[in-house]
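Let's take a friendly walk through the ligand site of this protein and the pockets in it. Have a look at the model first, and then we can go through the surroundings of the ligand together.

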Amino acid sequence: MSFIPVNTPSLRGNEKQYLCDCIDSGWISSEGPFVTQLEEIACGVFQTSHAIAVSSGTAALDIAIDSLGLSVGDEVILPSFTIISCIHQIIRSGLKPVLIDSDPVTWNINHTLIAEKITSRTRAIMVVHTYGLPVDLDPILHLCNKHGLYLIEDTAELIGHTYKGKPCGSFGDISILSFYPNKHVTTGEGGMILTSNASLANTCRSLRNLCFDNTARFVHRRLGWNYRLSNLHAAVGVAQFELLQETLAIKRKIGMTYSSSLKQINKLQIPLDCTQYASNIYWVFGILIDPTLGSASDFILKYRELGIGTRPFFCPMHRQPVLKSLGLFPSEEYPVADYLYAQGLYLPSGVGLTEDQLSHVIEITLNLFS
Ligand SMILES: *Cc1c(COP(=O)(O)O)cnc(C)c1O
């Protein structure tokens, strides 16, 4: 069997047709009709009043954080175990990132550790739904209400999933999506900001487009970005949203198959299939390897030699050289995030994974760990 990549996207719907529509009509920039259509679809799926398409999930986070208009020294709470995209604009805006360790079973932010980190400077909590299981949002929403904090909801990994029956991405004062090829909806590169706050939505639209003035076009009162999404990308996204329910069913099936085949291995910790508040959609299927067998990096090499692509888990924020060199997080400890990083990897989980490939990865995994 040839090499099995960690992710294979599946462009099996109207992607090609909609791209041809762009080329035939000449509408290729962000002014084209698919961008608006993609935003309207997102408003429906995520039950929000406004959706702002941008060029990546990272761009969406940059704009979302900047749009809140926080002051230098204000604090934003976020998990240490996440992607670096979450922290860029916190730092560039002169805000203070305040980290929280993960829950050892769900791998999401451990909400029981948040209250003790709230100070008079705290302005926002960022949650990141990680790998397939939603964050338990109710206790965090309670803290946000009690202390008057914004909730920023990173829903990049759980497009189309729900928490207590309501769409993930609909809970944040501002939420973001990514349309990178390993996400449930892809545009190649792309992202989205979601909010039901009209004033935040206007600010985000302006920040996305260099803050051009509505009346004096080339006069700028604020620094923004060109983070626009092209009509070509949006065309692919519209086709991908048509496939979303089927995509989610495929993801869940891949995850359940891994889960039922691997749960007998007692030296592997596998993802929870569900909690009281949500099921697992298995955006990716992560495994945590018992340290007595070695580290995740050892097994990433072994899998590669056996023709299987895997990915390490996130390197936590308090371990990032670029952040440490800024003097951040001196001697702070987040042992669960460290453990996840040391022992975790995820297996091929893309929508394009074939049944033969899935069986092969399972067989290799049983051989490696049993
Ligand atoms: C993928 C991802 C992002 C970043 O999205 P890009 O489109 O790659 O910039 C942000 N947050 C999370 C949790 C992600 O998984």
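How many nonpolar, polar and charged residues does the shell around the ligand have? By class, this shell holds 4 nonpolar, 6 polar and 3 charged residues. Please keep in mind that you are looking at a predicted model.

**Around the ligand**

The ligand has 13 residues around it, and those that come nearest are T58, D154, E157, S178 and K183. Helix α3, which spans residues 57-67, provides the largest share of the shell, with 3 residues.

| Residue | Protein atom | Ligand atom | Distance |
|---|---|---|---|
| G57 | backbone N or O | oxygen | 2.8 Å |
| D154 | polar side-chain atom | nitrogen | 2.7 Å |
| E157 | side-chain N or O | oxygen | 2.6 Å |

On its own, the ligand has 380 Å² of accessible area, and the protein covers 91% of that.

**The largest pocket**

Where does the ligand sit? The space it takes is the largest pocket. That pocket contains about 620 Å³ of space. Its lining is made up of 32 residues, with I83, Y180, N182, K183 and W283 closest to the centre.

Sorted by class, the lining of the largest pocket comprises 15 nonpolar, 11 polar and 6 charged residues. Which elements each supply at least two residues of this lining? They are α3, β8 (174-178) and β12 (311-312). Of these, α3 gives the most, with 3 residues.

**The second largest pocket**

There is another pocket to explore. The second largest pocket has a volume of about 290 Å³. It is lined by 15 residues, and S206, C211, F212, D213 and N214 are the closest to its centre. In this lining you will find 4 nonpolar, 6 polar and 5 charged residues.

Notes: Residues are numbered from 1 along each chain as its sequence is written. This is a predicted model: local features need pLDDT of at least 70, side-chain atom pairs count only at pLDDT 80 or more; totals for chains, interfaces and linings use all residues. Side-chain values use heavy atoms; hydrogens and water are left out. A residue is near a molecule or strand if one of its heavy atoms lies within 4 Å of it. A polar contact is a pair of N or O atoms within 3.5 Å; within protein, one must be able to donate a hydrogen and the other to accept it, and residues adjacent in sequence count only if both atoms are side-chain atoms. Accessible areas come from the Shrake-Rupley method with a 1.4 Å probe; for residues, only the protein chains shown count as cover. On a 1 Å grid over the protein atoms alone, a cavity is a set of points where a 1.4 Å probe fits but cannot get out, and a pocket is an open set with protein on both sides within 12 Å along at least five of seven lines; lining residues have an atom within 4 Å of a point. A molecule sits in a cavity or pocket if more than half of its atoms lie within 2 Å of its grid points. Helices (H or I, at least four residues) and strands (E, at least two) are DSSP runs, numbered from the N terminus. Ala, Val, Leu, Ile, Met, Phe, Trp, Tyr, Cys and Pro count as nonpolar, Asp, Glu, Lys and Arg as charged, and the others, Gly among them, as polar. Grid points are joined across faces, edges and corners, and a volume is the space filled by probe spheres set on the points.
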